[in-house]
Amino acid sequence: MHSNNKEKPWGGRFGAGTAKLVEEFTCSLHFDRRLYRYDIAGSMAHARMLARQGILTAAEAEAIVNGLQTVQGEIDAGTFLFDPGDEDIHMAVERRLTAIIGEAGRKLHTARSRNDQIALDIRLFLRDQVGVLIEALQDLRRAGVRLARRYFSVILPGYTHLQRAQPVLFSHHLLAYDEMWRRDQGRLRDCLVRFNVCPLGAAALAGSTFPIDPPYTAELLDFPAILNNSLDAVSDRDFIVEFAAAASLIMVHLSRLAEELILWSSAEFAFIDIADAFCTGSSIMPQKKNPDVAELIRGKSGRVIGHLTGLLVTLKGLPLAYNRDLQEDKEPLFDTVDTVLPCVRLMAGVLDNLALKKEKIAAALQGGFLTATDMADYLVTQGVPFRTAHAQVGQTVRFAETQGKELADLTLEEIKQFAPLAEADLFGWLQIEQSVNRRCSPGGTAAGRVAEALAAVEQELGLTS
């Protein structure tokens, strides 16, 4: 079964119709129709430029712009009838435009190819979506900072290798994620600079013989610059890969936090209570309260990372300039946007409604010899070389384990068996609160330094009065 190629915009070259299976296989209308607003905006700018250059008459351009506004209104209202024979959103819009205004609609594509047209549409789409995602990350950061302020003084075990390591302020722990999200925003702003460049004027690959004015079109569409090379303009998808990489890192950061929330909400940790609104239950076990939102965020990270890999593989073997393989850029891009944005927004909701179980956290501070490093540091102040102090504390820990005690529960005489230079003032070093306040690191872990860091982020995010 074959379709009539005479109805195709490229049909003049062909003597036989396209096989129905080929038509269905090559059609992208079912997913690229979401670009219609950007396609219409680009077409309006192109028509105005053509009129300014005398390639179209002012009346023709006005008719095209008015017709495109009508088309957009129909799609907005849901009354637009998409024809399965249309290959993509560009042809669907042009077909309807021509039906509305007649022959003038057939002049719109002068000095333009679908190659530079789709490159434009994706850039316009992604420019909008990046702005929305940056603001969603800002809301997520605000939720994290509000939680850090709410439980500022809570101390919890810090972990390495998922083993208790040293005590840290919960607020300091949360501010580590704020650093990640700030970097995520920076990466998005950085890639925005590279894709906020107008490709119109490249046509199919080699520009146009018409006296077009690409800088004027770029100005109408609020692009600060135009692409310098026409072959690159139609074949470049680096900006999508950059976005996908930035999105993958966002999902990695969300997934790391989701993993901690899952662990902390388990009975084995019981550090937090995730609000009922962000959990689900079991179909068979009545007692269950499952952290499904966090688990799905963790799971969806693999989906987004997979899209990044797929895009790279699609691009790696393509010769210049445009190849139909590039049609495969849109579905992973759209799904990446549609996955990352809700995950960011949901995590903000989880944090805004999270409750800490302070008694459980305090109990967890009593095991694991969290101040062992402080003891080694103390011995250094007594003149013991650090490696020697490290060995002495290790021996002391081993002895304390056999006695079922923490370091602070040992007597000075017991400690002196392994650390002869220890004195009574050691026991101040072994207190959890003093340990947190004493230590210094890049950015600081003492309460005063964390308070300063938190206040600085609150001011940055507009959370201070």
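Begin by selecting Glu 74, which sits in helix 4 (residues 58–77). Helices here are DSSP runs of H or I with at least four residues, strands are runs of E with at least two, and both are numbered from the N terminus. The model is a predicted one, in which local features need pLDDT of at least 70 and side-chain atom pairs count only at pLDDT 80 or more, while totals for chains, interfaces and linings use all residues. Residues are numbered from 1 along each chain as its sequence is written, and side-chain values use heavy atoms, with hydrogens and water left out.

Is Glu 74 buried or exposed? Glu 74 is buried, at a relative accessible area of 15%. Buried means under 20% relative accessible area, exposed means over 50%, and partly exposed is in between, using a 1.4 Å probe and protein chains only. Now show the contacts of Glu 74: leaving aside neighbours within four places in sequence, they are Thr 79, Phe 80, Arg 96 and Ile 100. Contact means heavy atoms within 4.5 Å.

**Helix 3 and helix 6**

Next, select helix 3 (residues 36–52) together with helix 6 (residues 114–150). Their axes are 9 Å apart and the packing angle is about 120°. Axes are lines fitted to C-alpha atoms, for helices over the stretch in contact, and angles run from 0 to 180 degrees between N-to-C directions. The two helices, helix 3 and helix 6, are therefore oblique to each other. Angles under 35 degrees count as roughly parallel, over 145 as roughly antiparallel, 65 to 115 as roughly perpendicular, and the rest as oblique.

Helix 3 passes helix 6 in a right-handed crossing. A crossing is left-handed if the near helix is turned anticlockwise from the far one by less than a right angle, and right-handed if clockwise. To see the contact, colour Tyr 38, Asp 39, Gly 42 and Ser 43 in helix 3, then Gln 117, Leu 120, Asp 121, Leu 124, Phe 125, Asp 128 and Gln 129 in helix 6. By class, the contact of helix 3 with helix 6 has 4 nonpolar, 4 polar and 3 charged residues. Ala, Val, Leu, Ile, Met, Phe, Trp, Tyr, Cys and Pro count as nonpolar, Asp, Glu, Lys and Arg as charged, and the others, Gly among them, as polar.

Stay on helix 6 and pick Gln 138. Gln 138 is buried, with a relative accessible area of 14%. Not counting residues up to four places away in sequence, Gln 138 touches Gln 185, Glu 460 and Leu 461.

**Helix 7 and its partners**

Select helix 7 and helix 19 (residues 447–460). Their axes come within 11 Å and cross at roughly 40°, which makes helix 7 oblique to helix 19. The crossing of helix 7 and helix 19 is left-handed. Helix 7 contributes Ser 171, His 172, Leu 175, Asp 178 and Arg 182 to the contact, and helix 19 contributes Val 450, Ala 453, Leu 454, Val 457 and Glu 460. This contact of helix 7 with helix 19 has 5 nonpolar, 2 polar and 3 charged residues.

Helix 7 passes helix 10 in a left-handed crossing. Residues in the contact include Tyr 177, Trp 181 and Arg 187 of helix 7, and Phe 243, His 253 and Leu 257 of helix 10. By class, the contact of helix 7 with helix 10 has 15 nonpolar, 2 polar and 6 charged residues.

Zoom in on Leu 257 in helix 10. Leu 257 is buried, with a relative accessible area of 1%. Leaving out residues up to four places away in sequence, Leu 257 touches Tyr 177, Trp 181, Met 347 and Leu 351.

**Aromatic rings**

How many aromatic pairs does a search of the whole structure find? The search finds 12. Rings of Phe, Tyr and Trp (its six-membered ring) pair if their centres lie within 6.5 Å; planes under 30 degrees apart count as stacked, over 60 as edge-to-face and the rest as tilted. Select Phe 170 and Trp 264: their ring centres are 6.4 Å apart and their planes are at 55°, so the pair is tilted. Phe 170 is in helix 7 and Trp 264 in helix 10, 94 residues apart. Phe 170 is buried at 2% relative accessibility, and Trp 264 is buried at 6%.
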